[in-house]
Amino acid sequence: MPEKLIWKEEYSVGVPLLDQQHQGLIELINLLSDEKAKPGLIGQVFQELEAYTKDHFSAEEKMLKASDYGALKAHKKEHRAFEQWLSAVRQTYSVGVTSPTILAETVNAFLRDWLINHILSSDMAYKETLCIAADTKHEANCE
Ligand SMILES: [Fe+2]
């Protein structure tokens with residue numbers, strides 16, 4: 001298993017709530033590294049991941065909609081693709097053909113890649129919009 005992921009300041013999208021949610025996702029991803037020591041953990045991670053992404057994606061999409069973000073449609077597409085991936089991989093897990101330890105490793109690698117790329121490119125792309133949106137009700141931190 002690779003080193004655990006650590007959230008960095010450069011991942012900040014300028015909105016504390018979204019940053020906190022991204023940090024929560026990183027924690028969930030890191031839990032996958034413990035599958036070998038605690039068999040079955042992956043099932044719990046999947047469950048929490050589903051609930052978590054649901055909350056996170058909808059919070060993000062709501063803010064983007066409120067600030068009239070031009071690339072919202074494309075951004076939503078990425079979120080939906082993620083949800084589809086999650087449901088497919090959960091199915092693979094429930095069928096039980098792949099060893100949970102190996103599946104945890106594969107899922108871990110995919111999620112690290114996805115989250116970091118998604119935050120650093122797609123999420124970063126909306127940073128400015130959210131920061132200048134006058135009607136956003138959240139506090140932004142946009143230095
Ligand atoms: Fe996003």
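Mentor: Confidence in the chain is lowest in helix H4 (residues 100-132), with a mean of 91, and highest in helix H3 (residues 72-95), at 95.

Trainee: What does the pLDDT look like for the chain as a whole?

Mentor: The average is 90, and 93% of the residues score at least 70. Where pLDDT is low, the predicted coordinates should not be read in detail.

Trainee: Which elements make up the secondary structure of the chain?

Mentor: There are 4 helices and 0 strands, so the order from the N terminus reads α-α-α-α.

Trainee: Why are H1 and H2 called roughly antiparallel?

Mentor: The axes of helix H1 (residues 16-31) and helix H2 (residues 41-66) cross at roughly 165 degrees. The label applies to angles over 145, and H1 and H2 are therefore roughly antiparallel to each other. Their axes come within 10 Å, and H1 passes H2 in a left-handed crossing.

Trainee: Which residues make that contact of H1 and H2?

Mentor: On the H1 side they include Leu-17, Leu-18, Gly-24 and Leu-28, and on the H2 side they include Val-45, Leu-49, Tyr-52 and Ala-59. By class, the contact of H1 with H2 has 10 nonpolar, 3 polar and 2 charged residues.

Trainee: How do you know that H2 and H3 are roughly antiparallel?

Mentor: H2 and H3 pack at an angle of about 170 degrees, with axes 11 Å apart. The cut-off is again over 145, so H2 and H3 are roughly antiparallel to each other. Among the residues in contact are Phe-46, Leu-49 and Phe-57 of H2, with Phe-82, Leu-86 and Tyr-93 of H3. The contact of H2 with H3 divides into 9 nonpolar, 4 polar and 6 charged residues.

Trainee: And what makes H1 roughly antiparallel to H4?

Mentor: The axes of H1 and H4 cross at roughly 165 degrees and come within 10 Å. With the label set for angles over 145, that makes H1 roughly antiparallel to H4. H1 passes H4 in a left-handed crossing.

Trainee: Which residues of H1 meet H4?

Mentor: His-22, Leu-25, Ile-26 and Ile-29 in H1 meet Asn-108, Leu-111, Arg-112, Leu-115 and Ile-119 in H4. The contact of H1 with H4 has 6 nonpolar, 2 polar and 1 charged residues.

Key: Residues are numbered from 1 along each chain as its sequence is written. This is a predicted model: local features need pLDDT of at least 70, side-chain atom pairs count only at pLDDT 80 or more; totals for chains, interfaces and linings use all residues. Axes are lines fitted to C-alpha atoms, for helices over the stretch in contact, and angles run from 0 to 180 degrees between N-to-C directions. Helices (H or I, at least four residues) and strands (E, at least two) are DSSP runs, numbered from the N terminus. Angles under 35 degrees count as roughly parallel, over 145 as roughly antiparallel, 65 to 115 as roughly perpendicular and the rest as oblique. A crossing is left-handed if the near helix is turned anticlockwise from the far one by less than a right angle, and right-handed if clockwise. Two residues are in contact if their C-beta atoms, placed from the backbone, lie within 7 Å. Ala, Val, Leu, Ile, Met, Phe, Trp, Tyr, Cys and Pro count as nonpolar, Asp, Glu, Lys and Arg as charged, and the others, Gly among them, as polar. pLDDT is the predictor's confidence in each residue, from 0 to 100.
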